[in-house]
Amino acid sequence: MSDNSHKIAPATRVILCGLVFAAAQSISAALVQALGMRMLATPAGTSPAQLAWTALLASPLLPLALAPLAARLPGALLTRTLRLALFTYVSFGLNTMIEARIFTTLVQPGAFAGMCVFYILPCAALALAVAAAFPARDVQRGPLPERPPAAWAARLVLAWLAFPVIYLLFGAMVAPIVLPAYEQQAAGLVLPPMQVILPTQLLRSLLYLGSALPILLGWAGGWKRLALRLGWTFWVLTGLYGMLTGLWMPVSLRLAHSLEIGADSFVYAFVLAWALRAPSKRAAP
């Protein structure tokens with residue numbers, strides 16, 4: 001998209017970016033198959049055509065999630081694209097596949113690697129489209145708070161440990177609703193033991209933090225605004241889009257998980273933004 005993209009209505013830009021993502025998905029699926037790699041198994045009783053149409057209709061939701069972040073990320077187009085692409089790939093692709101690997105039977109042998117390759121092109125294309133369509137005009141990166149190295153280290157550790165705690169807390173709240181589906185192994189769902197869940201969430205948290213750091217460090221604006229926008233983006237990338245397009249799962253489970261992921265996304269984003277961008281007390285005077 002050209003420098004005149006800002007003259008196009010925001011809704012039109014969102015739809016165009018969604019179409020770019022959908023087209024990149026189709027191309028990537030063909031490439032993965034041509035490489036002889038496996039992808040996710042189609043759940044029993046679901047129509048591939050219906051899944052494809054649902055994904056197409058939901059595709060504008062992804063640029064709608066990334067646009068608020070892109071609009072406050074200053075820098076060259078390539079730099080902004082790389083930041084958004086890394087964040088999108090880890091949150092939407094890699095972390096989703098890690099979660100699917102332990103909570104479902106859909107990730108057959110070899111499919112994890114195939115899906116990790118599959119997500120590269122759609123996430124990169126989406127990031128480039130959003131970065132071009134929603135430029136950060138007249139904004140400059142805000143300075144980082146002044147803190148001693150020990151304080152920064154403590155806040156990074158807090159940011160790493162926060163996600164598993166938040167994940168388990170909100171997960172426990174919806175457990176009475178969703179556990180029966182996992183225990184009955186409905187729609188390919190399985191319930192792994194806690195000794196699998198906890199290390200997995202610690203790993204996912206490290207990946208989330210690493211991919212979000214370029215955005216957190218390059219942000220132009222207040223930390224509370226960052227928390228809200230980052231929370232919205234996390235919610236869409238890690239849960240809302242997947243629950244809308246996961247037609248094979250029970251409706252009650254999809255609704256409960258959507259609300260759960262929304263809650264922990266905003267709380268986790270608040271912790272990240274506070275830990276890394278909130279002004280230090282030393283700078284208050």
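The structure holds one salt bridge, that is, a side-chain nitrogen of Lys or Arg within 4 Å of a carboxyl oxygen of Asp or Glu. R204 and E99 form it through their side chains, at 2.9 Å from N to O. This is a predicted model: local features need pLDDT of at least 70, side-chain atom pairs count only at pLDDT 80 or more, and totals for chains, interfaces and linings use all residues. Residues are numbered from 1 along each chain as its sequence is written, and side-chain values use heavy atoms, with hydrogens and water left out.

**The salt bridge**

- Side chains of opposite charge can pair when their charged atoms come close.
- The pair links distant parts of the chain, with R204 in helix α8 (residues 194-218) and E99 in helix α4, 105 residues apart.
- Helices here are DSSP runs (H or I, at least four residues), numbered from the N terminus; strands (E) need at least two.
- R204 counts as buried because its relative accessibility is 5%.
- E99 is buried too, with a relative accessible area of 18%.
- Buried means under 20% relative accessible area, exposed means over 50%, and partly exposed lies in between (1.4 Å probe, protein chains only).

**Helix packing around α4**

- Helix α4 (residues 77-103) packs with helix α6 (residues 120-133) at an angle of about 135°, and their axes are 8 Å apart.
- That angle makes α4 oblique to α6.
- Angles under 35 degrees count as roughly parallel, over 145 as roughly antiparallel, 65 to 115 as roughly perpendicular, and the rest as oblique.
- The α4 and α6 crossing is right-handed.
- Helix α3 (residues 61-70) also meets α4: their axes come within 12 Å and cross at roughly 135°.
- So α3 is oblique to α4.
- The crossing of α3 and α4 is right-handed.
- Axes are lines fitted to C-alpha atoms, for helices over the stretch in contact, with angles from 0 to 180 degrees between N-to-C directions.
- A crossing is right-handed if the near helix is turned clockwise from the far one by less than a right angle, and left-handed if anticlockwise.

**The nonpolar surface patch**

- I8, I15, L16, L19, W53 and L56 form a nonpolar patch on the surface, with about 540 Å² of accessible area together.
- Helix α1 supplies the largest share, three residues.
- I8 lies in the segment before α1.
- I8 counts as partly exposed, because its relative accessibility is 34%.
- Patch residues have over 30% relative accessible area and no salt bridge; like charges are joined within 9 Å, and nonpolar side chains (Val, Leu, Ile, Met, Phe, Trp, Tyr) within 5 Å.
- Accessible areas come from the Shrake-Rupley method with a 1.4 Å probe; for residues, only the protein chains shown count as cover.

- Q185 lies in the loop between α7 and α8, and its phi is near 55°, a positive value in a residue other than glycine.
- Q185 is exposed, at 52% relative accessible area.
- A187 sits in the loop between α7 and α8, and has a positive phi of about 55° although it is not a glycine.
- A187 is partly exposed, with a relative accessible area of 29%.

**Pairs far apart along the chain**

- M173 is in helix α7 and counts as exposed at 54% relative accessibility.
- M173 and E260 are 87 residues apart along the chain, with 8.0 Å between their C-alpha atoms.
- Q140 is in the loop between α6 and α7 (149-183), and counts as exposed at 71% relative accessibility.
- Q140 and S280 are 140 residues apart along the chain, with C-alpha atoms separated by 20 Å.
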